[in-house]
Amino acid sequence: MLTVNRPILPRFVRRTHRRLWRHLLPQPKGVVYHEGYGIALPTMPADHLRAERILAFLAAEGLVTRRTVHQPHIASMATVNRAHDDDYLDSLNDPATLGRIMGAELTHDQTDRLLDAERLHTGGTILAARLALQRHTTMLNLGGGFHHAGPDYGGGFCIFNDVAIAIEDARATGFDGRVLVIDLDVHDGDGTRAIFARDDKVHTFSIHAAPWDDRAHDAVADTSIALGSDVDDDTYLGALHRSLPAIVAAVRPRLTFYLAGCDPAHDDLLGNWRISDQGMLARDRFVMETLRSERKHSSVVIVLAGGYGPQAWRYTSRFAAELFLGKVVEPPSTEEITLERYRYIASLIDPAELSGRDDDAFAITEDDLMLPGWGNQREHRLLSFYTKHGIELVLERSGIFDRLRDLGYFHPTLELDLSDPTDQTVRVWDAEDRRDVLVELRLRRDRRTLPDMELLRIEWLLMQNPRAAFTDRRRKLPGQTYPGLGMAADMVALLTVACERLHLDGLVFVPSQFHIAAPWHIHQLVFVEPEAEVRFATLSEFFANVPLATASHAIAAGEVIDRTTGEPYRWQPAPMVFPVSERLESWLEESRESTDTMPTPDLYWQRGS
């Protein structure tokens, strides 16, 4: 019998063709991330969940997979030593050294956590550089960019210069090409320039507001452009367009680090520029187009650098979406991504771990009864569901307790007061110092505010940081003893998930003052009464360009006058709700139909009255 074999040559050609394409085409872009990136310190206004939010957005959009997300290892001190002096590294054992760098006194525990976090960020930049060089592609490290750290000093929240360390690591493993560092953080990249001041193979390019340090202004390969304060889109993008293409053409880098700082943005808490959302994306787009036009298969590492406040993650998310997908995808609000985060965490927890019940979560067990005596029921669970252990589990797995530890409260302790079956109280203290409560929350189920609906009512909420101080940026609000913890969005999200788990219609809260209502309104709570919503909108518009503390003090002092009556316009407490059920959402939509025709008061500000 004649056997016909498949031709060998076509099979060989097909296999060779696939191999050639794998080598000729750039590998897929990837992300470097570690859950240890996030750290919250009292003096740092940065969002410690910035990296996690970006990754959650990219994952939700299907732009990253397990294969394209890479987890780094902590950088060894031997590796760090390639860019920093021995004496400087030795000095980091003293909390006072880190206190000067971070702008606050730190404990030994905080020092250890901070050093580990920045070394982990550094390991991320090193890994991103290695992968970018191996694959001739672009890698995004969801951290890093500590550009103020010099060879023998640190500053501006920067301990280790991760970009400089990654360059030296690449060289130690055989890389000998030219490097370009494009630094578009609003602050000067002085530390990187100082480390490579005498190295003509590393060109540092920085557009910033003002010089940060004069120790390396005579670097042999450096472009530094200071634009001053109050910079707008045209000035910023014009400077970038005029300068960057010529630098890229002259350097012809084989490896580029792009510090895509978000602090030039108009809403940044530390920056003093006013770059729009569109301007930020146009900046990032131009940088990548310039690099691609000069060298098709260049290796690029993007690090986050500066960005302060809850919105910083959204700028990087827009950039990353265009980078990975080739088109703009608008990220959700910070409040929405925060809620999705807590929903995901809740999905990983067995309800039995929260309630202590293995089967029917709402069945009465022997533990629910007063013994001896049988029949005298005593409440053992918050909202008839959550045990003390279950709540502690949520606070640990969600990172709330870790955030308190970062703030110096190393032994956060939960206390439940269920003596009143109607109003139940949750408190969080630091076990070593019980002088001031950190969190106090009083809750009850509410069937009276809205007909035929059951809500979770917040009767009282206090979140404060007794170790923090008020500043010009963080002024004291009426009724405050200490600054807040910055966890309002987390609290709304946690309680929303509790409503979903207990099948409640939503949250309800009655703010006693304007400054209490304002942040809750940002977190998507709305007033039940249309008239109250109109009153709040009127005040918000009236004080649109005024700090919240100033506005609230003016209202409390009777300085806001209604022209119609000639009387002070007083704050009127009214219930606000966050809808969880569809029926509450529908009810609110119907109730809002009449707000457009409601009269608005005519206000003026009688300062100092």
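**Loops, sheet and salt bridges**

Helices and strands here are DSSP runs, numbered from the N terminus: a helix is H or I with at least four residues, a strand is E with at least two. Residues are numbered from 1 along each chain as its sequence is written, and side-chain values use heavy atoms, with hydrogens and water left out. The model is predicted, so local features need pLDDT of at least 70 and side-chain atom pairs count only at pLDDT 80 or more, whereas totals for chains, interfaces and linings use all residues.

Leu383 may be taken next. This residue is not a glycine either, and its phi is positive, at about 55 degrees. Leu383 belongs to the loop between helix H13 (351-355) and helix H14 (388-397). Is Leu383 buried or exposed? With 5% relative accessibility, Leu383 is buried.

A further positive phi, near 75 degrees, belongs to Gln524, which follows helix H17. In H17 itself, residues 514-522, the buried residues are Phe514, His515, Ala517, Ala518 and Trp520.

I now turn to the sheet. In what order do the eight strands of the open sheet stand? The order is S2-S1-S3-S8-S7-S4-S5-S6, with parallel pairing. The edges are formed by S2 (69-70) and S6 (222-226); each has a single partner strand, so one side of each has no neighbour in the sheet. Two strands are said to pair if DSSP finds at least two bridges between them.

Please look at strand S7, residues 255-259. Five bridges connect S7 with strand S8 (residues 299-303), and the two run parallel. Within this pairing, Phe257 stands opposite Val301, and Leu259 stands opposite Val303. Strand S4, residues 179-183, is also joined to S7 by five bridges and runs parallel to it. There, Val179 has Leu255 as its bridge partner.

How many of the five residues of S7 are buried? Five of the five are buried, so S7 is largely enclosed by the rest of the structure. In a regular strand, the side chains alternate between the two faces of the sheet. In S7 both faces are covered: Leu255, Phe257 and Leu259 are buried on one side, and Thr256 and Tyr258 are buried on the other.

One more loop residue deserves a mention. Asp152 lies between strand S3 (138-141) and helix H7 (162-172), and it counts as partly exposed because its relative accessible area is 44%.

The last topic is salt bridges. How many does a search of the whole structure find? The search finds 33, a salt bridge being a side-chain nitrogen of Lys or Arg within 4 Å of a carboxyl oxygen of Asp or Glu.

One of them joins Asp199 and Arg171, whose closest N and O atoms are 2.7 Å apart. The two partners come from distant parts of the chain, 28 residues apart: Asp199 sits in the loop between helix H8 (190-195) and strand S5 (202-208), and Arg171 sits in helix H7. Asp199 is buried, at 17% relative accessibility, while Arg171 is partly exposed, at 24%.

A second salt bridge brings together the side chains of Asp222 and Arg193, at 4.0 Å from N to O. Here too distant parts of the chain are linked, 29 residues apart, with Asp222 in strand S6 and Arg193 in helix H8. Asp222 is partly exposed, at 22% relative accessibility, whereas Arg193 is buried, with a relative accessible area of 1%.

In a third, Asp277 meets Arg318, and the closest N and O atoms lie 3.4 Å apart. This pair again links distant parts of the chain, from helix H10 (residues 277-294) for Asp277 to helix H11 (residues 312-325) for Arg318, 41 residues apart. Asp277 is partly exposed, with a relative accessible area of 24%, and Arg318 is buried, with 6%.

Notes. Buried means under 20% relative accessible area, exposed over 50%, partly exposed in between (1.4 Å probe, protein chains only).
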